[in-house]
Amino acid sequence: MADGSFDFGRAQRDKAERMAAAREHAYSIPLEQIDVANPDLWTTDTHWPYFERLRKEDPVHYCVSGHEEVGPYWSVTKFNDIMEVDTSHNVFSSDAFKGGITLRNFDEDFILPMFIAMDQPKHDVQRKTVSPIVSPASLMQLEPIIRQRASGLLDSLPVGEEFDWVDKISIELTTQMLATLFDFPFEDRRKLTRWSDVATAAPGMGVIETEEQRRMELFECVDYFTRLWNERVNAPPKNDLISMLAHGESTRNMDRMEYLGNLILLIVGGNDTTRNSISGGLMFLNENPGEYDKLRANPNLIPSMVSEIIRYQTPLAYMRRTALQDYTLGGKTIKEGDKVAMWYVSGNRDETAIDNPDQFIIDRERPRHHMSFGFGIHRCVGNRLAEMQLRIVWEEILKRYPRIDVVGEPKRVYSSFVKGYESLPAVIPARAN
Amino acid sequence: MRPGDEALVVRSLERAADLGGDLTPLVYARLFADHPAMEPLFIRDNDGQVRGEMLTRAFEAILDFVGERRWAATLIQTEVVNHAGYDVPPDVFATFFGTVAATLREVVGADWTSDIDSAWSRLLAELDWYVKHPDQAVAAVGSP
């Protein structure tokens, strides 16, 4: 626009051009050169046509030469194939000592066991230790707290001037929630945000400079939490995650690395995923003004919109498994020891499983039909809490602001695992009195 | 299961869809009548989306199980484990498929033939085997 302000239509056209160039490239290179784990594709949001081609031409795909931190790996890209792998934990391991849940090659001297990166039977008992925090009864107790905080944050937003939606709302709200779940000192809550970012960031891309820095900061994290553990273990059991871990039969004897691993799981699981869905929701509504109109006309659509946001965002793009034996999938033989990435982000766009999957539709017939929470024994334990947070945020937004405009391009996280946003500029338009 | 069972099960599902429309309220009314302890687990499902999706997934699992059987057996095993985490005992989990079958029988009425009934009996017996054997290591050795 001539006055230099953000032109959303222009941004959409630029995005379409970028996508067209990516599509041309995706369909012009040999299949074996497709490397969907390359983070460059995720910061530019241009991974879509590569997955589209894989689903059509090579749905169980072997990337021989993934970039150096990953190496060769399989990509499973279709809904039912992902279901098959995700539910077959006897064949496809999550064990941290075999490689865990992300594609990056792991350092054998810095392995973080956590229950999402464990196999049975240890996984089941550790997961059950913390699952009461997201029981229906617990969610009922948390709902008024979340609503009060969301209301306070939304009331504090500036009207008529630009602010960062990610920082002011998405991060702050999920971090406050996480502090409550841990009964973590509230004034230090942004440490949780920092540790979440440190745990998943690639060195040299803005969050941390080196792997050594990551370790140092994560050791600070476990030292901090060890102080909390020592307070809670000597007190009667309470309904917070640290107390649950400290008193749980299967978790009370964890060593330092296993404690750190489970902390990182709970911090990242409770922080990044909801944060990025809150951010994504605002962006999708701005990109799809017809859906935003639908929402304003009928706020009863919020629950189904929340599921659609979670599908459309897919805040964790994949989970990795390691084959424990040779296995045939889609006519391909996955060898024992191979890395396998289940790309939920692609399964959520599989046109053979979901109608019009590339469209953001807030009143879908089956809004909960998606794979963002995974399937099988590792299905997201906090899924109901995440949905509740998103629902409350949008209920409270609509009470206050009929429109919140995205006024600039989002900055996306440099990661093919956490599909998220570093920043998203927004403005609440001033209303005439 | 026997050859032909897939067609019989599919026919019964199609007939129920023709006659009964959305089966969700009927299935859950029966489930809660038989197992009142299950109702509070859905207390936050105000708009019925969770119940609807769970039933649709059960139908999809049944269709996969009587057909290609790519993921239904393992999904059932993992759901037994997950539901145990919500304190839903395996026998109640197993009951859900029986509740679905009983609801279908009621909706389909006179079109529920003895062939269909036998196919469903065999299907429920095999599903029950996976419910009772959620350990995939064991199941791999002794599956029916």
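Which residues are linked with Arg44(B) in a network of salt bridges? I looked this up before anything else. The network comprises Glu143(A), Arg147(A), Asp155(A), Arg391(A), Glu395(A), Glu396(A), Lys399(A), Arg400(A) and Arg44(B). I took a salt bridge as a side-chain nitrogen of Lys or Arg within 4 Å of a carboxyl oxygen of Asp or Glu.

**Entry 1: basis**

I note that this is a predicted model, in which local features need pLDDT of at least 70 and side-chain atom pairs count only at pLDDT 80 or more, while totals for chains, interfaces and linings use all residues. Residues are numbered from 1 along each chain as its sequence is written, chains are lettered from A and ligands numbered from 1 in the order in which they are written, and side-chain values use heavy atoms, with hydrogens and water left out.

**Entry 2: interface of chains A and B**

I found 24 residues of chain B in contact with 33 residues of chain A; contact means heavy atoms within 4.5 Å. Between them the two chains bury about 2,500 Å², with 47% of it on carbon and sulfur atoms. Buried area is the accessible area (1.4 Å probe) that two parts lose on being put together, summed over both. Of the area that chain B buries against chain A, Arg44(B), Gln49(B) and Arg70(B) supply 26%, more than any other three residues.

I then looked up the salt bridges across this interface, and the rule finds six. In one, Arg44(B) meets Glu143(A), with the closest N and O atoms 2.7 Å apart. In another bridge, the side chains of Arg366(A) and Glu53(B) meet at 2.7 Å, N to O. Arg366(A) lies in the loop between α14 (344-347) and α15 (383-400) of chain A and Glu53(B) in helix α3 (residues 49-66) of chain B, so this pair joins two chains. Helices here are DSSP runs (H or I, at least four residues), numbered from the N terminus.

I checked the accessibility of both partners. Buried means under 20% relative accessible area, exposed over 50%, and partly exposed in between (1.4 Å probe, protein chains only). Arg366(A) is partly exposed at 23%, whereas Glu53(B) is buried at 6%.

I also looked at Asp81(A), in helix α4 (residues 79-86) of chain A. Asp81(A) is buried, at 7%. Leaving out residues up to four places away in sequence, Asp81(A) touches Pro59(A), Val60(A), Val76(A), Leu329(A) and Arg70(B).

**Entry 3: aromatic pairs**

Phe182(A) and Phe225(A) have ring centres 5.0 Å apart and planes at 65°, so the pair is edge-to-face. Phe182(A) lies in helix α7 (residues 165-182) and Phe225(A) in helix α9 (residues 211-233) of chain A, so the pair ties together parts that are 43 residues apart in sequence. Phe182(A) is buried at 0%, and Phe225(A) is buried at 0%.

Trp195(A) and Tyr224(A) also form an edge-to-face pair, 5.8 Å centre to centre with 65° between the planes. Both Trp195(A) and Tyr224(A) are buried.

**Entry 4: helix α4 of chain B**

At 1.5 Å a residue, its 14 residues should span 20 Å, and the end C-alpha atoms are 20 Å apart, which agrees. The expected span is 1.5 Å times one less than the number of residues. Twelve of the 14 residues of α4(B) are buried.

Key
Phe/Tyr/Trp six-rings, centres within 6.5 Å; stacked < 30°, edge-to-face > 60°.
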